[in-house]
Amino acid sequence: MGDHRQTRTTVEAAMKGAAAVHWDGPLRDPASRLALLRAAANELEASATDLIETANAETRLGEDRLRGELTRTTTQLGAFAAIVADGSWAGATIELGPPDLRRMMWPIGPVVVFGASNFPFAFSTPGGDTASALAAGCPVVVKAHPAHPRTAAIAATAIDRAVSAVGLPTATFQQLTGGVEVGTCLVEHPDTSAVGFTGSLAGGRALYDAASRRPIPIPVFAEMSSINPVFVLPGALAERGDAVARELADSVVLGVGQFCTNPGVVVVVDDSGFAELLAAELANRPAAAMLTPGIAASYCGAVQRLIDTVGVDVLTGAPEEGQAACVLVGADRFLDDPDLRAEVFGPLTMVVACEDPSQLLRVAARFEGQLTSTVYGSGRDRDVAAGLLGILPMHAGRLIWDGVPTGVAVSPAMHHGGPYPASTDGRSTSVGTAAIVRFLRPVAYQGVPDELLPAELQNANPLGIERRVNGTSTTDPIVR
């Protein structure tokens, strides 16, 4: 048993420090946030060799993959720096009235970030939740993931150096280690204003429920469970079925299937041999080590349950760590059994064979919230494709045409989220610069004297940012 008093003392000290930073306001200065984000990117790059070697030893993801992920992480820090610099984060809106109304976004307060097991950089200590919260002007307390503790420590030290280099208080960024009790204490602490989480449905839901039970509930932005259905339409299958099978097999085994956008279900009409094509491709992909023994055991158990399920045909694969698997099931069986629509974290995909396009549309309508939905189609699939594209936005955050769902661009137009259980708030994204909105809230100023307004709203526009004044976007000062 751990020392509960020590846990609570540690959390109390961290959150009180973060709250002091929030109330004292050093992060409200855009120049300080800009300097911090750029310095953090530089410090992480300076530690790249150590970070990649350590992360590879802890996760076995491979140095090439980790190099790319670290680059993505520093790039997204730069992207958030850019929107801090141009002032777009503020959403400054002015109506000269009367009454004189001026509206902008305001940091929500200390943010607790839970690191993810499968992305030791991009969704962990220095990842998108941390970057977007700091860009919003919120101090951050990270709960490091136990799957890669040494990597988390190196990354935290790099960010600590950045905080020190730009002259911000040390409590601007903090990292804690520990188990479930630490996480629960962080969510329940009265100074915590929001939570960012990437992980399992059970873990995300537990945090969400804990936050909802607080005397003052707080938002939990959790990315959780998604099976990312792929619809291969008859025209695409006839024209390029082999190529689609190869693309999907590569996507299924990418990162040993441990991506949140892994294509877990492929839906086809009148199978026509596509399941066998995909299974043959997957059979040629070698098994690989998974992130942790616990994840490997969970994956093997899920494969075994499918093997034992009546009505499910196993085309390739076995309950072995990192061994790709493909199973086939009829649409009626798939629709009748909700367990077949549950996420399997690992390199497994299920082909669902429909009798006709109308049944395919019924299958599409039954999915719960998803991060992505993909359609492979051709010119002869227009009618059924149009039907799908009328259904899929109801449950998916991102729609992909003729491409695999794995791979998420860090850009302003990206949306990485979806209705429950893909995430707790399908309106928010955890990837791309729009992620900053999660940790901001609007404040309107009515009739406040100009000299008492934040710089973003003052008549002279001292920051030179673009603002919407009486319905027109402009960087001009207001002359009264």
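Predicted model: local features only at pLDDT ≥ 70, side-chain atom pairs only at ≥ 80, totals over all residues.
Colleague: Is Glu53 buried, partly exposed or exposed?

Modeller: Buried means under 20% relative accessible area and exposed means over 50%. Glu53 has 48% relative accessibility, so the class for Glu53 is partly exposed.

Colleague: How many salt bridges does the structure hold?

Modeller: Side chains of opposite charge can pair when their charged atoms come close. A pair counts when a side-chain nitrogen of Lys or Arg is within 4 Å of a carboxyl oxygen of Asp or Glu. The number of salt bridges in the structure is 17.

Colleague: With which residue does Arg65 form a salt bridge, and are the two buried or exposed?

Modeller: The partner of Arg65 is Glu69, with the closest N and O atoms 2.9 Å apart. The two lie in helix H4, four residues apart, which is about one turn of the helix. As for cover, both Arg65 and Glu69 are buried.

Colleague: How many residues apart in sequence are the parts that the pair Asp402 and Arg240 ties together?

Modeller: Asp402 forms a salt bridge with Arg240, and the closest N and O atoms are 2.8 Å apart. Asp402 lies in the loop between strand S14 (396-401) and strand S15 (440-446), while Arg240 lies in helix H9 (residues 234-253), so the parts tied together are apart in sequence by 162 residues.

Colleague: What is the relative accessible area of Arg240?

Modeller: The partner in the salt bridge, Asp402, has 31% relative accessibility and counts as partly exposed. Arg240 is also partly exposed. The relative accessible area of Arg240 is 25%.

Colleague: Which residues do salt bridges that share partners join into one network?

Modeller: Asp402 and Arg240 form a salt bridge, and both belong to this network. The residues joined through shared partners are Glu239, Arg240, Arg380 and Asp402.

Colleague: Which residues is Ile154 in contact with, leaving aside its neighbours within four places in sequence?

Modeller: Ile154 is placed in helix H6 (residues 149-165) and counts as buried because its relative accessibility is 17%. From C-alpha to C-alpha, Ile154 and Leu51 are 6.6 Å apart in space, though 103 residues apart in sequence. With those neighbours left aside, the contacts of Ile154 are Ser47, Asp50, Leu51 and Thr54.

Colleague: What accessible area do Leu389, Leu399 and Trp401 have together?

Modeller: These residues form a nonpolar patch on the surface. Among them, Leu399 is found in strand S14 and counts as partly exposed at 36% relative accessibility. The accessible area of Leu389, Leu399 and Trp401 together is about 260 Å².

Colleague: What is omega for the cis peptide bond that joins Pro98 and Pro99?

Modeller: Pro98 lies in the loop between strand S1 (93-95) and strand S2 (101-107), and Pro99 is in the loop between S1 and S2. A cis peptide bond also joins Gly97 and Pro98, with omega about 15°. For the bond between Pro98 and Pro99, omega is about -5°.

Colleague: What is phi of Asn470?

Modeller: Asn470 is found in the loop between strand S16 (467-469) and strand S17 (472-474), and is partly exposed at 44% relative accessibility. Asp402 has a positive phi of about 55° although it is not a glycine. Asn470 is a residue other than glycine with a positive phi, near 50°.

Conventions. Residues numbered from 1 in each chain as written. Heavy atoms only, no water. Buried < 20%, exposed > 50% of the residue type's maximum accessible area, 1.4 Å probe, protein only. Contact = heavy atoms within 4.5 Å. Patch = residues over 30% accessible without salt bridge, like charges linked within 9 Å, V, L, I, M, F, W, Y side chains within 5 Å. Areas by Shrake-Rupley, 256 points an atom, 1.4 Å probe, with all protein chains shown as cover.
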